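Visitor: I have not looked at this one before. Can you put it up and take me through it?

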Amino acid sequence: MARMDLAEFLTGALAELDQKNLLRRLPDLQNIDIGFSRNTYLGNHFGASGSRLISGNHRLYARLERELSLWKKTAAALVYPAGYMTNLGVISALLDRGDLIILDKLCHASLIDGARLAQADIRVFKHNNPADLEKILRQSRNYKKILVVTESVFSMDGDRAPLAELTALRRQYGFWLLVDEAHAVGVFGESGEGLAGQLGMNGDIDIQIGTFSKAFDGLGGYVCGSRLLIDYLVNKSRAFIYTTALPKIILRKNLANLKKVQSKKQRRKLWKNINYFSARLGIRADSAIIPLLIGDEKKALALAEKLRDEGFIIPAIRYPTVPRGQARLRLTISAETTKRQMNKLLALLNQRRKNRALK
Ligand SMILES: Cc1ncc(COP(=O)(O)O)c(C=O)c1O
């Protein structure tokens, strides 16, 4: 069966809405009295007062979305109230019963939940294994719409997706590709735009997801892609349509933090710290996330507790966040981690290693 082109699908869906007089556009509310459409019944004025299609849109949104699309080198962008909702809202709006979603085995819960909500068929390929993905693609010739989903930096393992191989498969098999850059933004790219940008692959990825909750230290999520994609989501993405917009104070903060994320100075400091820490631990770090694989859940908990006694909170990540028997301590390095902090933790971890080697 011929694969459906994403632009063709989006154009068709938008034309159908237009024909039925059901097409929605985000309103410009500048100099408009929204007094009869807000939900702030008691006259408080902190939040956005309503959803973006009703009374909650603001020019700050337009500014933020323009800045995001310039930064990500896409035609357009759309902001959601959280990264989780972005994944839920984007995937479930694009795919339906009878379609196929193929996810990397280690995809984040929000990506899996988006796929479940779509009610499409779901397949999973082995983690970071394009050959396994291709095997599934070869068995899936009868689907018109296939979405392949990955993260560029994996949230619990800190490793990077093979984006070059995945985009080559996209060209060959004509699927739509979604990449969640939640943990790559701020860490990779000339201006912190992520791994796709660093590799010059923005044009080969149909849907780029991000969140303001990691390197931005803000709130909200976003999707970057074609103008058609964003117009479609405004009309069809329930997690976008049926929720209240973000307060202006958050939008301002996200805009200000975008400048910080773009700053090279912090990124240089971050990589200096990552390299310092990983070299002294004798491991290779692919990103700011460093998993200390323990395996056994009980042992992972015991180590987390020991480190807590020494003054560090480093959570033991266990099933179902990671597969059974792959419990780990997940630590993150930042630009503001100090040498003192790193040396103290390194001493504890290296001591533990020595003790285990002696046993
Ligand atoms: C890969 C990935 N995508 C999405 C999210 C959700 O983002 P948010 O915390 O903004 O809801 C997270 C983190 O929680 C994540 O790790």
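**Cysteines, ligand and strands**

Guide: The structure holds 0 disulfides, a disulfide being a pair of cysteine sulfur atoms within 2.5 Å. This is a predicted model, where local features need pLDDT of at least 70 and side-chain atom pairs count only at pLDDT 80 or more, while totals for chains, interfaces and linings use all residues. Residues are numbered from 1 along each chain as its sequence is written, and side-chain values use heavy atoms, with hydrogens and water left out.

Visitor: How far from Cys107 is the nearest cysteine sulfur?

Guide: The nearest cysteine sulfur to Cys107 is that of Cys224, 18 Å away, and Cys107 is in no disulfide. Cys224 is in no disulfide either.

Visitor: Is Cys107 buried or exposed? And Cys224, buried or exposed?

Guide: Cys107 is buried, with a relative accessible area of 6%. Cys224 is buried as well, at 0% relative accessibility. Buried means under 20% relative accessible area, exposed over 50%, and partly exposed in between, with a 1.4 Å probe and protein chains only.

Visitor: On to the ligand. Which residues come nearest?

Guide: Gly83, Asp180, His183, Thr211 and Lys214 come nearest, out of 15 residues around the ligand. A residue counts as near if one of its heavy atoms lies within 4 Å.

Visitor: What is that shell made of, by class?

Guide: The shell has 3 nonpolar, 9 polar and 3 charged residues. Ala, Val, Leu, Ile, Met, Phe, Trp, Tyr, Cys and Pro count as nonpolar, Asp, Glu, Lys and Arg as charged, and the others, Gly among them, as polar. Helix 3 (residues 83-94) gives the largest share of the shell, 3 residues. Helices (H or I, at least four residues) and strands (E, at least two) are DSSP runs, numbered from the N terminus.

Visitor: Which side-chain atoms lie by an oxygen of the ligand?

Guide: A polar side-chain atom of Thr211 lies 2.6 Å from an oxygen atom of the ligand. For His183, an N or O atom of the side chain is 2.7 Å from a ligand oxygen. Tyr84 has a backbone N or O atom 2.9 Å from an oxygen atom of the ligand. A polar contact is a pair of N or O atoms within 3.5 Å; within protein, one must be able to donate a hydrogen and the other to accept it, and residues adjacent in sequence count only if both atoms are side-chain atoms.

Visitor: How much of the ligand does the protein bury?

Guide: The protein buries 83% of the 390 Å² that the ligand exposes when taken alone. Accessible areas come from the Shrake-Rupley method with a 1.4 Å probe; for residues, only the protein chains shown count as cover.

Visitor: Thr211 again. Which way does it point from strand 6?

Guide: Thr211 points the same way as Ile207 and Ile209, with Gln208 and Gly210 pointing the other way. In a regular strand the side chains alternate between the two faces of the sheet. In strand 6 (residues 207-211), 5 of the 5 residues are buried, so the strand is largely enclosed by the rest of the structure.

Visitor: What does strand 6 pair with?

Guide: Strand 6 pairs with strand 5 (residues 176-180) in the parallel sense over 3 bridges, and with strand 7 (residues 221-225) in the antiparallel sense over 4 bridges. Two strands pair if DSSP finds at least two bridges between them. Leu178 stands opposite Ile207, and the bridge partner of Ile209 is Val223.

Visitor: Where is the cis peptide bond?

Guide: It joins Tyr319 and Pro320, with omega about 10°. Pro320 is in the loop between strand 9 and strand 10.

Visitor: And Asp217, what is its phi?

Guide: Phi of Asp217 is near 55°, a positive value in a residue other than glycine. Most residues other than glycine have a negative phi, and most peptide bonds are trans. Asp217 lies in the loop between strand 6 and strand 7 and is exposed, at 64% relative accessibility.
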